[in-house]
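Where does the ligand sit, and what surrounds it?

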Amino acid sequence: MKDTFKHRGMRNKLADVLVEKGITDKNVLGAIKTIPRHFFMDSSFEGHAYQDKAFPIAADQTISQPYTVAFQSQLLHVKPGHKILEIGTGSGYQTAVLLHLKAKVYTIERQQELFKKTKLFFGKMGYRPKKTIFGDGYKGLPEEAPFDSIIVTAGAPEVPRALMAQLKVGGRLVIPVGAQDQIMTLFYRKSLKEFEKKEFGSFRFVPLLENKN
Ligand code: SAH
């Protein structure tokens with residue numbers, strides 16, 4: 001696959017669509033304009049890569065819709081050097097957006113096939129997360145905690161306690177919560193014991209699965 005002038009043009013148009021839908025963060029829009037999303041998808045979907053839609057990837061999973069990726073990324077308030085935990089590596093597209101924002105990314109995937117494929121892909125493309133981990137993100141990553149922010153990219157029937165515990169004070173957890181549809185939810189850690197919760201719109205994700213390895 002190649003990244004051409006035409007692809008770049010389509011990415012700029014996609015960024016315009018996201019602006020119309022309410023995305024304002026310039027750095028996030030810059031990531032959308034830069035990252036070749038078609039590289040993260042099966043070649044049979046290449047022609048659709050710059051539509052604002054989710055598409056199938058390996059192991060019955062999906063690459064999230066660009067709007068969703070942009071919305072979650074914007075809610076994280078990423079600053080260069082932030083230590084971020086991502087649950088649900090999937091295609092690696094969200095990871096690449098966080099890397100573009102100069103975060104140190106730790107990413108976890110529970111589907112072995114996807115984990116292997118995406119880890120290899122990161123190497124080939126020169127994307128360098130701090131760690132790409134095969135495992136159950138429900139438990140977070142206690143050995144690397146605390147994090148400036150945590151992003152969950154699968155629908156969580158309930159908020160995993162471990163993830164709340166692994167946030168820094170002042171940190172943000174962005175997680176879609178719900179069984180069928182999910183409400184995008186932000187938990188801001190005000191102090192060791194206090195969290196402020198804010199709810200955003202409704203989204204649809206593949207499920208966050210617990211203990212299925
Ligand atoms: N960020 C990804 C989204 C992929 S879909 C992208 O843009 O491509 C969500 C991913 O979460 C799937 O790959 C799924 O296998 C993974 N997942 C589901 N439950 C998980 C868990 N408990 N731990 C880690 N990953 C999980």
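In what follows, Ala, Val, Leu, Ile, Met, Phe, Trp, Tyr, Cys and Pro count as nonpolar, Asp, Glu, Lys and Arg as charged, and the others, including Gly, as polar. By that scheme the lining of the largest pocket divides into 15 nonpolar, 15 polar and five charged residues. A pocket is an open set of points on a 1 Å grid over the protein atoms alone, where a 1.4 Å probe fits, with protein on both sides within 12 Å along at least five of seven lines; lining residues have an atom within 4 Å of a point.

This is a predicted model, in which local features need pLDDT of at least 70 and side-chain atom pairs pLDDT 80 or more, while totals for chains, interfaces and linings use all residues. Residues are numbered from 1 along each chain as its sequence is written, and side-chain values use heavy atoms, without hydrogens or water.

The largest pocket holds about 510 Å³ of space (the volume filled by probe spheres set on grid points joined across faces, edges and corners). Of its 35 lining residues, the closest to the centre are Gln-61, Thr-62, Thr-153, Ala-154 and Val-206.

The ligand sits in the largest pocket, meaning that more than half of its atoms lie within 2 Å of the pocket's grid points. Around the ligand are 26 residues, each with a heavy atom within 4 Å of it. Among the closest are Ser-91, Glu-109 and Asp-136. This shell comprises ten nonpolar, twelve polar and four charged residues.
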